[in-house]
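Have the structure open as you read.

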Amino acid sequence: MTVERRLEAIGPRLHRQLGRLYPEHDQEALRQQVETLLRERAAERPAALQALDAARRADPDWFVRPDMLGYSTYVDRFGGTVAGLAAHVDHLAALGVRYLHVLALLKGRAGDSDGGFAVADYLAIEPRLGTMADVERLAERLRAARISLCVDLALNHTADDHAWAKAARAGDPFYRAFYMVVDDAEAAERNAELPQVFPTTAPGNFTHVPEMGGNVWTTFYPFQWDLNWRNPQVFVAILDAALRLANHGIEAFRLDSTAFLWKQPGTDCRNLPQAHHIVRGLRAALDIVAPATLLKAEAIVPTAFVPPYFGIDEGDGFEPECHLVYNNSLMVAGWVALAEQSAQLPAAIVAASGGLPSGANWLSYARCHDDIGWGAVLGDLRAIDAEPEARLRAAAAFLHGTGDSWARGVPFQSDGAALHGTNGTLASLAGLEAAQDDAAREMALRRITLLNALSIASGGLATTYMGDEAGLLNDYDYAGDPELAHEGRWIHRPAMDWWALETPAALRISDDLTALRDARIASGGAGAPTPIATGDAALLGIACGRDRVFLNFGDREVAVPEAGRDRLSGAVVEAVPAWGVVWLEGGA
């Protein structure tokens, strides 16, 4: 199908979103501007990527497959540079990786850049990491290994030293309209109704910038200026960046902070309908020019708010939005379950994670580069517990090492008294750091496998964060680096220790990951999970393809509802050991 035919077929969906977003603007002029851009970028698309477009249009569910496992990493922490990362593609292939999310690849702000998420140039690579030519070579190397490259696309804000922001400071009216500036009275009024993302290190939602004549909207850090998506030229500029990046070989975009895009007085400015119209518009445009490309929503919101990020029907037929959405609630629920020795919350999340539309999938994970944000499951827990805050505080305290806990997490953005977040690597949180003897190490390794199994058996694109396959522990040295010390999440972003891959713990974790991957492939399981009743509070049951998977979140052995052959051990089993997993053939 040519780009003109795709424009004819998909264009109406794109222009519906533009009409919803910008009803007061000249629709015909905007339509012509956008369609001209689409044709220009389509003409520039390399032949190899056009072939990939055709292959994926013929197999639109290619990313909803049992073998779709992912990996996430910072370039410098993994390989030093883009070229160094490319040298380790064989490691990723050996893990069965089909999707690689490279964090904070684009050029970041000078100095503190929120780990690279304060983008100074959407079309340039962080200079210390390499060049765009290096990225193109990496993308080609990955494609040869059947691995799709994903990068972050920050939609909510730019760095304050981005060219747009510099022009705005200098008084350029075109670029001043790319940002939002309010006076002191309005800033105070808005702050009263808006939550805070970083209440300790970056309180408030506005930053006074004299050159801008008031207070710039800054939801995250003062150096991250929120974009004014009410201005259609912001949509055009971001779309242009996405299309150009796709033409460099980027196959997926993690859309950063999608819930925050649209600002509306009298609301908390999160999850508003217009935020979805923006993303659906970007999706339609990419479907026209670069249909091989995936969109992934970083929508760290309660489960009830997640479905619209996959798409919705507003009266004109189903309009797809993101191909992938983080199942963040399931990740948080896994840690609650470990702390409580109860599968109640993950069972509720699994039950709420079904009903995905065609051509959509969850992205699941045991840990990631961010904190464990406890508030994400408040809504889910409130449905089953009258005092969800107290319950989550208890879980957080346990993971912070309170009492006889084996966990070694650290509170994020608080002293632990407030219910906010928890930092730590998978291994340290699961007890490997605290383990002093073989028995304790064995239990910690089981808990690591248990959470990896929750991610893999739940059917999504299960993604491992760098170093978790090696059992890397918390990196407390970050506190001695003046540029990192204020950001507690660096504790679980250690540099990759390649020698650690040969340790007994790493070999065990990697072997268990391989066994779980092979079991899922054999089961034919992918997509939305289905819960199975177990009759025991500690035992979670999930139907994965043709199989039944049972995960024991308790420190005692639990009988399975019906004996069966375990794909992981090859034995016929009747019970799940403490902190154990059994993957039973058939019966689902």
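A pocket here is an open set of grid points, where protein lies on both sides within 12 Å along at least five of seven lines. This is a predicted model, and its largest pocket has a volume of about 1200 Å³.

**The largest pocket**

- The pocket has 50 lining residues, and V197, F260, R270, I300 and G373 are the closest to its centre.
- Which strands each supply at least two residues of this lining? Look at β2 (97-103), β11 (252-256), β16 (361-365) and β20.
- Domain 1 (3-59 + 75-158 + 234-377 + 447-523) and domain 2 (163-226) both give residues to the lining, so the largest pocket lies between them.

**The largest cavity**

- The volume of the largest cavity is about 160 Å³.
- Its lining is made up of 18 residues, with G70, A462, T463, T464 and L513 nearest the centre.
- Two or more lining residues come from each of β1 (69-74), α18 (438-457), β20 (461-465) and α19 (504-523).
- β20 gives the largest share, four residues.
- Sorted by class, the lining of the largest cavity holds ten nonpolar, five polar and three charged residues.

**The second largest cavity**

- At about 60 Å³, this is the second largest cavity by volume.
- Around it you'll find L194, P195, N205, W217, T219, F260, K263, D268, C269 and R270.
- Five of its lining residues are nonpolar, two are polar and three are charged.
- Why does the second largest cavity lie between domain 1 and domain 2? Because both domain 1 (3-59 + 75-158 + 234-377 + 447-523) and domain 2 (163-226) give residues to its lining.
- F260 and R270 turn up in this lining, and F260 and R270 are also among the residues closest to the centre of the largest pocket.

**A helix pair: α1 and α2**

- Helix α1 (residues 3-21) packs with helix α2 (residues 27-44) at an angle of about 140°, and their axes are 11 Å apart.
- Angles over 145 degrees count as roughly antiparallel, but α1 and α2 are at about 140°, and the pair is therefore oblique.
- Their crossing is right-handed.

Methods:
Residues are numbered from 1 along each chain as its sequence is written. This is a predicted model: local features need pLDDT of at least 70, side-chain atom pairs count only at pLDDT 80 or more; totals for chains, interfaces and linings use all residues. Side-chain values use heavy atoms; hydrogens and water are left out. On a 1 Å grid over the protein atoms alone, a cavity is a set of points where a 1.4 Å probe fits but cannot get out, and a pocket is an open set with protein on both sides within 12 Å along at least five of seven lines; lining residues have an atom within 4 Å of a point. Grid points are joined across faces, edges and corners, and a volume is the space filled by probe spheres set on the points. Ala, Val, Leu, Ile, Met, Phe, Trp, Tyr, Cys and Pro count as nonpolar, Asp, Glu, Lys and Arg as charged, and the others, Gly among them, as polar. Domain bounds come from an automatic or database domain assignment. Axes are lines fitted to C-alpha atoms, for helices over the stretch in contact, and angles run from 0 to 180 degrees between N-to-C directions. Angles under 35 degrees count as roughly parallel, over 145 as roughly antiparallel, 65 to 115 as roughly perpendicular and the rest as oblique. A crossing is left-handed if the near helix is turned anticlockwise from the far one by less than a right angle, and right-handed if clockwise.
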